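Here is a friendly note to read with the model open beside you. Take the points in order, and find each residue as it comes up.

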Amino acid sequence: MRNPENVLESLTKCAGKADYQFQRLYRNLYNPEFYLLAYQRIYTKPGNMTAGADGLTVDGMGMERINTLISSMKDHSYQPRPARREYIKKQNDPKKKRPLGIPSIDDKLVQEVMRYILESIYEPVFSPNSHGFRPKRSCHTALTQIKRTFTGTKWFVEGDIKGCFDNIDHHILVDILRRKIKDAYFIALVWKFLKAGYLENWQYHKTYSGTPQGSLISPVLANIYLNEFDNFMSDYANGFNKGEKRKMTKAYEKAANDHRIAKSKLKKQWDSLSDEERRQGNERVKALKNVILNTVYNEPMDSGYKRIKYVRYADDFIISIIGSKEDAEQVKSDIGDFLLDKLKLTMSEEKTLVTHGADRARFLSYDIEICNKQSVSTDKNGSKARRHSGKARLLMPQEKWLHKLRDYKAFAVHP
């Protein structure tokens with residue numbers, strides 16, 4: 001049997017090839033080394049001591065159970081058990097609860113092997129604008145991208161998809177997988193997990209849509225599904241973006257011209273001027289420089305310059321628009337149409353907001369605002385420069401840090 005790391009490395013190399021299609025993936029599920037690698041990753045997690053529907057935990061896992069799994073893979077008798085459903089408090093709203101599926105430990109092992117394979121195939125082609133549940137990506141990388149790329153934002157579109165993970169269409173998802181994966185057995189195994197259902201109060205429920213809650217392959221399957229949206233946004237930006245740069249304002253152009261003329265004139269007359277005249281000339285040049293620094297450089301309403309930026313974390317996304325409010329409303333409408341027509345997902349009209357750049361948009365529990373102050377700073381050489389204008393700033397909402405302090409019992413907060 002091949003070393004799993006070599007197999008995954010080979011898959012990753014092929015993933016970058018245009019129109020490459022993967023075959024014979026299912027046979028990797030015959031390799032005991034893959035299950036040992038999966039076990040090494042998951043056995044230390046506390047949740048694996050919680051029994052699934054079969055009553056078993058990670059305790060007692062050994063080669064006998066792994067070989068039994070492999071045998072069921074070979075004769076195609078393997079069938080995932082329904083996940084045991086529990087309800088846990090939502091982190092952002094403790095009064096509400098969300099469903100969590102608890103798979104059997106055997107199913108977790110199989111899912112982990114599948115996750116290794118799927119990530120190796122799809123990670124190289126995922127969008128750089130996607131940050132949720134991906135290796136070496138997190139909320140922090142999403143927020144860092146916003147700080148770096150949302151400069152000059154005039155409008156935000158704050159995106160919210162209704163019950164995204166519960167409403168993923170199984171047929172659309174499998175059709176997406178089939179574009180790259182030409183292995184009927186592997187696709188059939190994905191189908192088995194999608195249709196495994198769940199037990200709630202020991203009553204069986206079928207699953208007709210969505211990715212299995214709590215399963216180890218749900219995050220990568222959701223990212224494969226929403227990568228269609230990422231690609232749509234990339235193509236949309238190419239059609240939306242316009243102009244190389246904004247036009248210079250007339251006031252800035254005049255200030256820069258006055259400064260250039262005064263500086264050139266002083267340089268030409270320097271040798272013939274007295275010390276006092278030289279001092280006065282330098283003061284005038286400095287004053288004109290200050291005028292430049294305090295004058296808006298770009299024309300903020302330049303209709304010949306448009307830009308759109310997009311960042312997604314799982315099912316949350318935010319869009320930066322340099323353009324008019326009408327542009328922002330059109331972007332929101334076009335996104336809603338795409339999600340509904342192509343992915344059968346619905347945007348929440350109440351929570352999908354168009355927000356002015358001067359106000360604050362909410363994303364990943366942070367408030368995002370665009371700093372429009374024309375602040376000027378002086379470097380160590382005494383040169384002055386404009387700082388922070390148009391930059392995105394991240395602010396922690398007051399209710400968030402107060403809630404965290406309450407959790408830590410740092411102080412008593414009176415209502």
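The points below go through salt bridges, aromatic pairs, surface charge, backbone angles and distances.

1. **Ground rules.** This is a predicted model, in which local features need pLDDT of at least 70 and side-chain atom pairs count only at pLDDT 80 or more, while totals for chains, interfaces and linings use all residues. Residues are numbered from 1 along each chain as its sequence is written, and side-chain values use heavy atoms, with hydrogens and water left out.

2. Side chains of opposite charge can pair when their charged atoms come close. Here a salt bridge is a side-chain nitrogen of Lys or Arg within 4 Å of a carboxyl oxygen of Asp or Glu, and the whole structure holds 18 of them. One joins Arg-41 to Glu-112, with 2.6 Å between the closest N and O atoms. Arg-41 sits in helix H2 (residues 32-42) and Glu-112 in helix H4 (residues 105-122), so this pair ties together parts that are 71 residues apart in sequence. Helices are DSSP runs of H or I with at least four residues, strands are runs of E with at least two, and both are numbered from the N terminus.

3. **Buried or exposed?** Buried means under 20% relative accessible area, exposed means over 50%, and partly exposed lies in between (1.4 Å probe, protein chains only). Glu-112 has 2% relative accessibility and so counts as buried, whereas Arg-41, at 39%, is partly exposed. Arg-41 and Glu-112 also belong to a network of salt bridges with Arg-115 and Glu-119.

4. **A salt bridge within one loop.** Glu-123 and Arg-134 meet through their side chains, N to O, at 2.9 Å. Both lie in the loop between H4 and helix H5 (139-149), so the pair ties together parts that are eleven residues apart in sequence. Glu-123 and Arg-134 are both buried.

5. **A salt bridge between two loops.** Asp-169 and Lys-344 form a salt bridge with an N to O distance of 3.8 Å. This pair links distant parts of the chain, 175 residues apart: Asp-169 is in the loop between strand S3 (155-160) and helix H6 (170-180), and Lys-344 is in the loop between helix H11 (325-343) and strand S8 (353-356). Asp-169 counts as buried because its relative accessibility is 17%; Lys-344, at 52%, counts as exposed.

6. **Aromatic pairs.** Rings of Phe, Tyr and Trp (its six-membered ring) pair if their centres lie within 6.5 Å; planes under 30 degrees apart count as stacked, over 60 as edge-to-face and the rest as tilted. How many aromatic pairs does a search of the whole structure find? There are 15 aromatic pairs. One of them is edge-to-face, between Tyr-26 and Tyr-30, with 5.8 Å from centre to centre and 90° between the planes. Tyr-26 is buried, at 4% relative accessible area.

7. Phe-229 and Tyr-310 form an edge-to-face pair, 5.4 Å centre to centre with 80° between the planes. **A positive patch.** Lys-90, Lys-96, Arg-98 and Lys-351 gather on the surface in a patch of positive charge. A patch is made of residues with over 30% relative accessible area and no salt bridge, like charges being joined within 9 Å and nonpolar side chains (Val, Leu, Ile, Met, Phe, Trp, Tyr) within 5 Å. Lys and Arg count as positive and Asp and Glu as negative, with His and the chain ends not counted. The place of a charge is taken as NZ of Lys, CZ of Arg, CG of Asp or CD of Glu. Accessible areas come from the Shrake-Rupley method with a 1.4 Å probe, and for residues only the protein chains shown count as cover. Lys-90 lies in the loop between strand S1 (83-89) and strand S2 (97-102) and is partly exposed, at 33%.

8. **Two positive phi values.** Most residues other than glycine have a negative phi. Trp-202 has a positive phi, near 60°, and Leu-364 has one near 50°. Trp-202 is in the loop between strand S4 (198-200) and strand S5 (203-205), and is exposed at 64% relative accessible area. Leu-364 is in the loop between strand S9 (361-363) and strand S10 (366-370), and is buried at 18%.

9. Glu-276, in helix H10 (residues 275-293), is 50 residues from Glu-326 in sequence and 56 Å from Glu-326 in space, C-alpha to C-alpha. Asn-167 and Arg-148 are 19 residues apart in sequence, with 33 Å between their C-alpha atoms.
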